[in-house]
Amino acid sequence: SLLSGSFDDFNGAYRFGKLSIRLLEKLQVKEFSHRIISTVYGLINSWVEHHHASLNPLKAAYQNGIRYGDIQWAFTSIQQYCIHRYQCGNDLASVEEDLRKYGKLMTEFKQATVLKYCLPYRQAILNLMGLSSNPLQLTGDAMNQENLLNSALERKNINLVFVIFSQCSVVTYMFGDYDVASEMADKAQYIVDRSNSPTYAVCSHTFYYGLITLLLARKTKDKRWE
């Protein structure tokens, strides 16, 4: 994951990831397999393979982590599983149900840090399903945008700040507030340029950033969007 996250060597990271999986299968080290699987399928393989290919391994990693009592890695795996489902375009109601169900378990097992990264995605889904009073803000049953953002800024949790801004850009774009979408995407991009974020988050952000920029270029004819 260091090769892909820090040095942009996606093919090199992919090769080492495949080697790690083969060694796991050969050595049958089941008590640690979920950590390797979560890293490979959560942070590396989606740069090369389709997102869908990560779903079953990540869910299996969660189950294995629970089996061996490695709670943090188990919930990190299921967090990535849920978010990958969202990115894959799975049925929103089903993804929201999973995020809600596993979110309750994260709370029960005191996995607050892992849970926080799920909240912007769940709230974005609720907004897209028409289940929020203000679809342009990530505030509703899952979270309060201002409170979570301020908490993340105070703790200098820039990866969580990125997730909030990126999902804000998604919902504001989808509901037609393109100026705010552009502002949120700019803030998210500023963080991307200065940190290592998971594959699924960076790819999704880049896709929507491109859509927002293209729309504003056509709408305003402003050369800054070229």
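The structure is a predicted model, in which local features need pLDDT of at least 70, side-chain atom pairs count only at pLDDT 80 or more, and totals for chains, interfaces and linings use all residues. Residues are numbered from 1 along each chain as its sequence is written, and side-chain values use heavy atoms, with hydrogens and water left out.

**Overall fold**

The chain has 11 helices and zero strands; helices (H or I, at least four residues) and strands (E, at least two) are DSSP runs, numbered from the N terminus. With a radius of gyration of 18 Å, close to the 17 Å that the globule rule gives for 226 residues, the chain is as compact as a globular protein of that length. That radius is taken over C-alpha atoms, and the rule is 2.2 Å times the number of residues to the power 0.38. The C-alpha atoms fill a box of roughly 60 × 40 × 35 Å along the principal axes.

Of the 226 residues, 46% are buried (buried means under 20% relative accessible area, exposed over 50%, partly exposed in between, with a 1.4 Å probe and protein chains only). Contact means heavy atoms within 4.5 Å. Among contacts with a separation of 6 or more, 60% are between residues 24 or more positions apart.

Because 13 of its 17 residues are buried, α7 is largely enclosed by the rest of the structure. Just after α7, G130 takes a positive phi of about 80°.

E96 is found in helix α6, residues 92-108. At 6% relative accessibility, E96 is buried. Leaving out residues up to four places away in sequence, E96 touches R122, I125, L126 and M129.

**The nonpolar core**

A nonpolar core is a set of buried Ala, Val, Leu, Ile, Met, Phe, Trp, Tyr and Cys residues joined through side-chain atoms within 4.5 Å. The largest one has 57 residues, and those with the most contacts inside it include F162 and F165. Helix α9 (residues 158-174) gives the largest share of this core, 10 residues.

Not counting residues up to four places away in sequence, F165 touches L149, M184, K187, A188 and I191. I191 lies in helix α10, residues 178-192, and is buried at 10% relative accessibility. Beyond its neighbours within four places in sequence, I191 is in contact with I158, V161, F162 and F165. The C-alpha atoms of I191 and V163 are separated by 9.8 Å, though these residues are 28 apart along the chain.

Most residues other than glycine have a negative phi.
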